[in-house]
Amino acid sequence: MPRYEFRCRACGDTFEVNRTMDRAGEPAVCPQGHLDTVKLLSTVAVTGRGGASGGAPSSGGGGCCGGACGC
């Protein structure tokens, strides 16, 4: 279930709420009971298949062109 982050405008507390995506836009009450809260934008990390997960080994050494550009 997705987790959404909110900040209370009254006390400044930041808190998280687990809820389904269809309820993502609903207001949330802060743990202190305040109703004036705002949903924060969250960042998402997306990773590819790594060596530890059994994926194919990387053929490049990093950099802008997989290590081939010499920068």
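**Figure 1. Overall composition of the predicted model.** Of the 71 residues in the protein, 15% are buried (under 20% relative accessible area, with exposed set at over 50% and partly exposed in between, using a 1.4 Å probe and protein chains only). This is a predicted model, in which local features need pLDDT of at least 70 and side-chain atom pairs count only at pLDDT 80 or more, whereas totals for chains, interfaces and linings use all residues. Residues are numbered from 1 along each chain as its sequence is written, and side-chain values use heavy atoms, with hydrogens and water left out. The protein has three strands and zero helices; both are DSSP runs numbered from the N terminus, helices being H or I with at least four residues and strands E with at least two. Along the sequence the pattern reads β-β-β. The accessible surface (Shrake-Rupley method, 1.4 Å probe) amounts to about 5500 Å², and carbon and sulfur atoms account for 52% of that area. Among contacts (heavy atoms within 4.5 Å) between residues at least 6 apart in sequence, 28% join residues at least 24 apart.

**Figure 2. The hairpin of strand 1 and strand 2.** Strand 1 (residues 3-8) runs antiparallel to strand 2, and five bridges join the two. Five residues lie between the strands of the hairpin, and Gly12 in the turn has a positive phi of about 80 degrees.

Figure 3. Strand 2 (residues 14-18) presents Phe15 and Val17 on its covered face, while Thr14, Glu16 and Asn18 lie on the uncovered one. The structure contains one aromatic pair, a term for rings of Phe, Tyr and Trp (its six-membered ring) with centres within 6.5 Å. The ring centres of Phe6 and Phe15 are 5.8 Å apart and the planes stand at 15 degrees, so the pair is stacked; planes under 30 degrees apart count as stacked, over 60 as edge-to-face and the rest as tilted. Phe6 and Phe15 are both buried.

Note on methods:
Pairing = 2+ DSSP bridges.
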